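I opened my notebook to go through this structure piece by piece. Here is what I looked up, in the order I looked.

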Amino acid sequence: MANTATAQQTKWWSGGKSPFNLEYGKVMMWYFLMSDAFTFGAFLISYGTIRFSQNFWPDPNVVFNAFPGTGHTNLPLAFVSVMTFILIISSVTMVLAVHAGHNGDKNGVMKWLAWTIVGGLAFLGCQAWEWHHLITGEHITLIDGKLELIGQTTRHNPWGQLVDHNEMLDAIKNTPANVLAEIVHEQKHDSNLAELLKLPKDQLAGMLNTAEMHVREKGPVAFGGYFFGITGFHGFHVFSGVIINIIMLLMTRNNVFQNKGHYLMIEKAGLYWHFVDLVWVFVFLCFYLI
Amino acid sequence: MEHRAMSEVTFHHHIEDAEFKKRVRKTTILLSVITAIELGIGLTIYTIHKGENPSHLLVLMFKGLVCILTLAKAYYIVSVFMHLGDEIRNMIMTIVVPLMLFIWFIAAFIIDGNSYKNLRNNYDRHFKESTMPRPHHAEPAAPEEPKPGKQ
């Protein structure tokens, strides 16, 4: 053991050899990824600091419970698990692309790179839907003693504590008629919003199904900014990864790597892509699981 | 077949096709299973929260378990998919040793946030009364001890 270690050391550091036995570009990619890990780490740790400084923080199962095409059905964690699996699978196809590159198999590289790009685009599509749903999906929120319908933005979000029943009944009295009309419309989908808006406030208040209304206070202001900031920064990484993979695909098709005699560039793109998957594992943990 | 990007690099990552396939399949299944377990724990936490008297200690334990599983996932992605486990030791160390900074980074900042919360709860009555989680139901339950950072 000691003998092989000494033999290796004289072998690697006596000159004429790369001490890490790696080409320059790959070493630099690793160091870039390390610095990027600290960037993401700093964001997530700052989120953790703010979260630990609050008495109340929104429950992820309340925030992320929607699935495309299922309306208001309560499906906590379902959509984000689809997104996670998409990213894991696209990471696997990238491994296969890199392996095909080792074998000098041009068609294999192109096939698996194309699937990786598809996976990346699917993930971005999911994220676009999720953001759109969070921003435009309005929830009944108690603000300054009256009810309002708000979505999640970086300024406010409807994920505060549940308001108790009597407090809600008081708030209904202070709520303007147009907001009540919208809430009634949300509860009875066959009703006509234009006609509801003409009704007087007292009549609208009587039409409300207060037994099934869940009203929350405004949530911690920082929640929206951290969510959109960090998932947005990750989404930007996915986007740039897709662009890099498309460039790799075109270069492979144009025989750039075949003429060079090696596909090491695919490995560097692969490292970046796996890193994007790695970061998602932690974003998934911090925002959706705990 | 041996590729030489540069004469100083005796590049040697190639492994047999059969062994490679086995390794990738094993890692994929492992990552999927860990993710499925994490989702199961997430839903368990959800049902605990919905229950009458959510046990904060149990929730905290499940959250800790998810953190450990996530680190396991990260290890497999970096070691197998990114091939860091196949590099020579010196290279691994130049990546892993700087990442140790995270141990201090996480601990210091989380403790700082927690201390800020405790100070505000002691000296800022409005903050405490307006943000402290209320019990789920109308009857005041046994006084709960607020858990740092978790709702």
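**Entry 1: two loop residues**

I started at Asn255(A), which is exposed because 10 other C-beta atoms lie within 10 Å. My rule for this: a residue is buried if 20 or more other C-beta atoms lie within 10 Å of its own, exposed if 12 or fewer, and partly exposed in between, with C-beta atoms placed from the backbone. Asn255(A) lies in the loop between helix 10 and helix 11 (256-260) of chain A.

I found Asp144(A) in the loop between strand 1 and strand 2 of chain A. Asp144(A) is exposed, since 8 other C-beta atoms are within 10 Å.

Residues are numbered from 1 along each chain as its sequence is written, while chains are lettered from A and ligands numbered from 1 in the order in which they are written. The score pLDDT is the predictor's confidence in each residue, from 0 to 100. For chain A the mean is 91, and 96% of its residues reach 70 or more.

Where in chain A is confidence lowest? I found it in helix 1 (residues 2-13), with a mean of 55, while the highest is in helix 10 (residues 222-253), at 97. Where pLDDT is low, the predicted coordinates should not be read in detail.

**Entry 2: the sheet**

Next I traced the sheet of chain A: three strands, open, in the order 2-1-3, with mixed pairing. Strand 2 (146-150) and strand 3 (216-217) of chain A are at the edges with a single partner strand each, so one side of each has no neighbour in the sheet. Two strands count as paired if DSSP finds at least two bridges between them. Strand 1 (residues 139-143) and strand 2 of chain A run antiparallel and are joined by five bridges. I picked out one pair: His139(A) has Ile150(A) in strand 2 of chain A as its bridge partner.

**Entry 3: chain B and one of its residues**

How many helices and strands does chain B have? I counted five helices and zero strands. Of the 151 residues in chain B, 12% are buried.

I then stopped at Ile77(B), which sits in helix 2 (residues 56-81) of chain B. Ile77(B) is buried because 21 other C-beta atoms are within 10 Å. Neighbours within four places in sequence aside, Ile77(B) is in contact with Ser91(A), His274(A), Asp277(A), Leu278(A) and Met82(B). In contact means that the C-beta atoms of two residues, placed from the backbone, lie within 7 Å.

**Entry 4: where the chains meet**

The contact takes 51 residues from chain A and 57 residues from chain B. On the side of chain A that touches chain B, helix 2 (24-52), helix 4 (78-102) and helix 12 (264-289) of chain A give two or more residues. Helix 2 of chain A gives the most there, with 10 residues.

**Entry 5: the cores**

I finished with the largest nonpolar core, which has 64 residues; Ala97(A), Ile266(A), Phe284(A) and Leu285(A) have the most contacts inside it. Such a core is a set of buried Ala, Val, Leu, Ile, Met, Phe, Trp, Tyr and Cys residues joined through C-beta atoms within 7 Å. Helix 12 of chain A gives the most to this core, with 20 residues. Another core, of 12 residues, lies apart from it, and includes Leu142(A), Leu147(A), Leu204(A) and Val215(A).

Terms used: Predicted model: local features only at pLDDT ≥ 70, side-chain atom pairs only at ≥ 80, totals over all residues. Helix = DSSP H or I, 4+ residues; strand = E, 2+ residues; numbered from the N terminus.
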